[in-house]
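I opened the model to look up a few points of geometry. The entries follow in the order in which I made them.

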Amino acid sequence: MCRAVSETVRQDPEDRRAVVNQRAEALLKTHGPGILRFAYSYLHNMADAEEILQDTLIQYLKTAPVLETEAHEKAWLYRVAGNLSKNRIAYNRVRSADELNESLIADQREDLSFVWEAVKALPLRYREVIHLFYYEGLSTGHIAAILKVKESTVRSRLLRGREKLKAVLKEGYDFGEGL
Amino acid sequence: MEKAYREIMDRVVLSEATEARLLQTLRTAQLQTGTTTRFPRYHRLAVAACVALLLAGAVVLLGERGEKESPSGVQSGLWDRTEAASCQELSQLVGFPVETLGAVPFEVTDVRYTAYGGGLAEIAYSGEEQNLVLRKAMGQTDPSGDYTAYAVQTTVEVDGSTVTLNGAEDGYCLAVWQDGTYSWSIRSTMAYSTDVWTEILESVA
């Protein structure tokens, strides 16, 4: 049998919006810095990267995706950020200022500037796996889930990306061998 | 290389000023989530017809494009999904038993069984103008994917489980419950009274 066991609870529009706002703040705190860096790895400009972060979070709040775990949530956010970044490269003019390189030069870190320029020069398909593998520390399986490609494709892109970087950077940099 | 790349990317930071600005934008963004609008009853048939027309158009467009994604690549929360031919096959795909609904408050014209990656089972019962979607997943998280903050909530007990009903003044359209191992949700396109929900919930077997 079925019986009512609690008082009816009413929520006004302000309460409903407060729930969404709390979610937005939590997402920004938890994933904001990572999404910003991921977007920057594509676009090489802070203003563009910040807009991608904003659009990604709005997309999340609008679509309310069904995600069972935090890992799925992160993968969803990074996939959307990556797709929005690629769309921006394809259809919108990317701003030219690379604040990151400017800061490296200002701090006289030519060694890092050299690495950054080498990574920037990689084709996009290698750049994105390099970022997710080396910075985010994700497994090739997780990267495959984010980019929606086969894990073998991720491995292949990672290997080729490394080879291209090695060719430019020469010796002096440990690329690691594990996938 | 890894150390150098990390050192480079660590310089890309989300400043407090940027975070505050983004948060303000998100707080004022026009989102459909959490702002459900209820239509008068006499408008519902017209709305249902429009939705059906839009869905039909979307199906045609998706068929022509051969893809399921929006231009941004977003699949609206749909991860890897596999259609099953029966509830038994669906149970095999997700790895746990899945119940069906014995009582549906409309004439069912189509039933679809879908397994989502990560272990989410879904059975969608469709009628001419309405549908019910039963979802089941491991764990205690609401599997409905419906993040709407409904205006009215109440709870009922069915076979030892406390079920939360969510809706508005004219009835409820989402039921959610857990048993410690699994969580379930039933979402309806029409709002039903607690009595109708009672029949639906008691028929889950």
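**Helix pair in chain A**

The model is predicted: local features need pLDDT of at least 70, side-chain atom pairs count only at pLDDT 80 or more, and totals for chains, interfaces and linings use all residues. Residues are numbered from 1 along each chain as its sequence is written, chains are lettered from A and ligands numbered from 1 in the order in which they are written.

I noted that α6 spans residues 124-135 and α7 residues 140-147 of chain A, with axes that come within 10 Å and cross at roughly 135°.

**Ser103(A)**

I found Ser103(A) in helix α4 of chain A, residues 99-106 (helices are DSSP runs of H or I, at least four residues, and strands are runs of E, at least two, numbered from the N terminus). Ser103(A) is partly exposed, because 15 other C-beta atoms lie within 10 Å (20 or more would be buried, 12 or fewer exposed, with C-beta atoms placed from the backbone). I also checked Ser113(A): ten residues from Ser103(A) in sequence, 9.1 Å away C-alpha to C-alpha.

**Chain B**

I counted five helices and eight strands in chain B. Of its 205 residues, 28% count as buried.

How values were computed:
Axes fitted to C-alpha atoms, helices over the stretch in contact; angles between N-to-C directions.
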